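Please examine the model below.

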Amino acid sequence: AVTFTTPQPFPVPPASSYAGYGGGDGWGLAFSASQVFNVFHHDSSLTVACHEQADASPCYAPETITDPASGAGFTVGGHAGLWMDAGTGKLYVFATRTDATAGLVCIDTTEAATNANPFCGFTSLTAVGAADLSPGYSSLSDTMKVGPRLYAFNYADNHAVPDGQFNTLLCFDTSTHTAC
């Protein structure tokens, strides 16, 4: 009998503690091959933080994302969800623009270390005014990915079920980068 052996490298496990900034708790998480990205939930601004997986050190200071063309900001919900496109390094977050439009914000993580606002687009999934901001932040649900599609529920407490685009399911196709 012959015994064969081969070395198998195992990556170092991630550090056990990732410190947030200023009270943020980093509800939503997404991962690249070497970094952890998080978005703070139920917040009146969309803030993204990054840490190195190997030692939990910050990649750069947390960044607040706004639309530079319009100056509009974004709010995130109580169960903020995000999705990382590993091929492009773009992070997608369901959020509500400050004009009460729900949609998906694109953040280019490949530019984040050198660009304080790595915004790469916003895909509207409702009409202007068709998303609830009554608690002071977005009322969108957590994100669910099924196949190439991302879903979130556009919850609105003071509206019928459904009521126009309030209390309806929103959909974004990750293969076409459009509403579905």
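C50 and C59 are joined by a disulfide, with an S to S distance of 2.2 Å; a disulfide is here a pair of cysteine sulfur atoms within 2.5 Å. This is a predicted model, in which local features need pLDDT of at least 70 and side-chain atom pairs count only at pLDDT 80 or more, whereas totals for chains, interfaces and linings use all residues. Residues are numbered from 1 along each chain as its sequence is written, and side-chain values use heavy atoms, with hydrogens and water left out.

**Disulfides**

- A search of the whole structure finds three disulfides. With bonded cysteines counted along the chain, their pattern is 1-2, 3-4, 5-6.
- The torsion about the S-S bond of C50 and C59 is about -55°, so this disulfide is left-handed. C50 is buried, at a relative accessible area of 1%; buried means under 20% relative accessible area, exposed over 50%, and partly exposed in between, with a 1.4 Å probe and protein chains only.
- A disulfide also joins C106 to C120, with an S to S distance of 1.9 Å. The link of C106 and C120 is left-handed, with -80° about the S-S bond.
- C106 belongs to strand β8 (residues 101-108) and C120 to strand β9, so the pair ties together parts that are 14 residues apart in sequence. Strands (E, at least two residues) and helices (H or I, at least four) are DSSP runs, numbered from the N terminus.
- C106 counts as buried at 6% relative accessibility, whereas C120 is partly exposed at 32%.
- The sulfur atoms of C171 and C180 are 1.8 Å apart and form a disulfide. Its torsion about the S-S bond is about -80°, so the disulfide of C171 and C180 is left-handed.
- C171 is buried, with a relative accessible area of 8%, while C180 is partly exposed, with 43%.

**Aromatic pairs**

- The structure holds four aromatic pairs. Rings of Phe, Tyr and Trp (its six-membered ring) pair if their centres lie within 6.5 Å; planes under 30 degrees apart count as stacked, over 60 as edge-to-face and the rest as tilted.
- The ring centres of F74 and F119 are 5.9 Å apart and the planes lie at 20°, so the pair is stacked. It links distant parts of the chain, 45 residues apart: F74 is in strand β5 (residues 74-75) and F119 in strand β9 (residues 119-124).
- F74 and F119 are both buried. Ring pairs link F74, F119 and F122 into a cluster.

- H159 is located in the loop between β11 (149-154) and β12 (168-173). Its relative accessibility of 29% makes H159 partly exposed.
- Leaving aside neighbours within four places in sequence, H159 is in contact (heavy atoms within 4.5 Å) with F166 and N167.
- H159 and D132 are 27 residues apart in sequence, and their C-alpha atoms are 9.4 Å apart in space.

**Overall chain**

- The chain has zero helices and 13 strands.
- Of its 180 residues, 44% count as buried.
- Among contacts between residues at least 6 apart in sequence, 48% join residues at least 24 apart.
- The chain exposes about 9200 Å², of which carbon and sulfur atoms supply 57%; accessible areas come from the Shrake-Rupley method with a 1.4 Å probe, and for residues only the protein chains shown count as cover.
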